[in-house]
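Morning, everyone. Please have a look at the model first.

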Amino acid sequence: MDTTKQHQVHGGTLRYLRHDSATTGTPMTLSVFVPPGEGPFPVLIWLSGLTCTEDNFTTKAGAYRAAAEHGLIVVAPDTSPRGEGVADDPAYDLGQGAGFYVDATEAPWAPHFRMETYVTDELIPLIDAEFPTNGTRSVSGHSMGGHGALTLALRHPHLFRSVSAFAPIASPTRCAWGEKAFTAYLGDDRKAWEAHDAARLIEGGAARGVFEDILIDQGDADPFLAEQLRPELLVAAGQAAGQGITLRMQPGYDHSYFFMTSFIADHIAFHATRLKAST
C-alpha cells in the first residue's frame, strides 16, 4: 500500500493509503489509525454511508482519542470502487459512493462493485499483513455502512468479535434505498436480497450465540428514521430469534456526524471490552 498522507494524532499515527485491489479491479483508498505503543492491537473496521469516502469518518467522527486510550487500530475504507471505467449513476444513492457492501451480480456493476469480498477477503488480510494487529477485529458503521457492518458480521461471524451501528439501514428489502440498490446490483429476485438484509438474517438465526449483544444508536430527529432506517425491525427480529439487540434512541439527534461524534467513544469502548475478552 502507498501512503498518501500521514498525521500524528492522540499519540498515534494516522495514515491515508491507496492500493490496487484485485477484488474490485480498481485503486482503493482507506485510512488507518494505529494507537501509541508497539502492539499488537485489535482492529475496528468502520464502514461509512452513502456519498462518503474514507475521509468523512476520519476527519469528522472524533474517534481517535478513544481508540488511543483503548489501544485499537481503526480502519476506514472507501464506500465503493471509483475511477474511469467504473459504472456510476447520477443519483447519490447508487453507483460510486453507494456500494452497499454487497457483491453485485448484474451489469454494469458486477465487474467492480464487489465490496463484500473486498472487505472480508482482501482488506482484512491486507491490514493484518501490513499493521501490528493481533488478528482480532470488530466492525461498525453508519447508515449504509451500518447495514454493511451488520450484514458482514452476520454473514461472516468468524471474522468479527462484535458489531455495532449508527442509524443503520435495518432492512434494505423494506425501504426505498435498499430496493433501488438491490434491484440494480442483485437483480429482481427479492428472495436473494434477504441474504443481505440484517433484520431478515437475524430473524433466520444468523450468528445466533456468536454476538451476545449488538449495539445500535439512533437519533429520534433523524429525517430518514421512519421510511429508510426502521430500527424497530431489528429489535423485533432480535426478540423473535433470541439475539440481543440494544437500541439506544437518542433524543434530538439527527443523521449527521454531529450525532456520531457524540457517541463514538461508547462504541469504541463496547468493542474494546469484547475484543480484550477474546484474547
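Ser 138 sits in strand β6, which runs over residues 133-141. This is a predicted model, so please keep that in mind throughout. Is Ser 138 buried or exposed? It counts as buried, because its relative accessible area is 0% and the cut-off for buried is under 20%.

What does Ser 138 touch, if we set aside its neighbours within four places in sequence? Its contacts are Val 43, Leu 44 and Ile 45, then Phe 160, Arg 161 and Ser 162, and finally His 271 and Leu 275. With Ser 162 there is also a polar contact between the two side chains, at 2.6 Å. For a sense of distance, take Ile 245: it is 107 residues from Ser 138 in sequence, and their C-alpha atoms are 16 Å apart in space.

Next, empty space. Rolling a probe the size of a water molecule over the atoms shows where such space is left. How many cavities of 30 Å³ or more does a search of the whole structure find? The search finds 1. The largest cavity has a volume of about 40 Å³. Helix α3, residues 115-130, and strand β4, residues 41-47, each supply at least two lining residues. The largest share is from α3, with 4 residues. By class, the cavity lining has 6 nonpolar and 2 charged residues, and no polar ones.

Now the largest pocket, which holds about 190 Å³ of space. It is lined by 14 residues, and the closest to its centre are Leu 50, Thr 51, Cys 52, His 142 and His 255. This lining divides into 6 nonpolar, 7 polar and 1 charged residues.

Last, the chain as a whole. It has 10 helices and 9 strands. Of its 279 residues, 58% are buried. Among contacts between residues at least 6 apart in sequence, 72% join residues at least 24 apart. The C-alpha atoms fill a box of roughly 50 × 45 × 35 Å along the principal axes. The radius of gyration is 17 Å, which agrees with a compact globule, because a globule of 279 residues would have a value near 19 Å.

That is where I will stop.

How values were computed. Residues are numbered from 1 along each chain as its sequence is written. This is a predicted model: local features need pLDDT of at least 70, side-chain atom pairs count only at pLDDT 80 or more; totals for chains, interfaces and linings use all residues. Side-chain values use heavy atoms; hydrogens and water are left out. On a 1 Å grid over the protein atoms alone, a cavity is a set of points where a 1.4 Å probe fits but cannot get out, and a pocket is an open set with protein on both sides within 12 Å along at least five of seven lines; lining residues have an atom within 4 Å of a point. Grid points are joined across faces, edges and corners, and a volume is the space filled by probe spheres set on the points. Ala, Val, Leu, Ile, Met, Phe, Trp, Tyr, Cys and Pro count as nonpolar, Asp, Glu, Lys and Arg as charged, and the others, Gly among them, as polar. Buried means under 20% relative accessible area, exposed over 50%, partly exposed in between (1.4 Å probe, protein chains only). Contact means heavy atoms within 4.5 Å. A polar contact is a pair of N or O atoms within 3.5 Å; within protein, one must be able to donate a hydrogen and the other to accept it, and residues adjacent in sequence count only if both atoms are side-chain atoms. The radius of gyration is taken over C-alpha atoms; the globule rule is 2.2 Å times the number of residues to the power 0.38.
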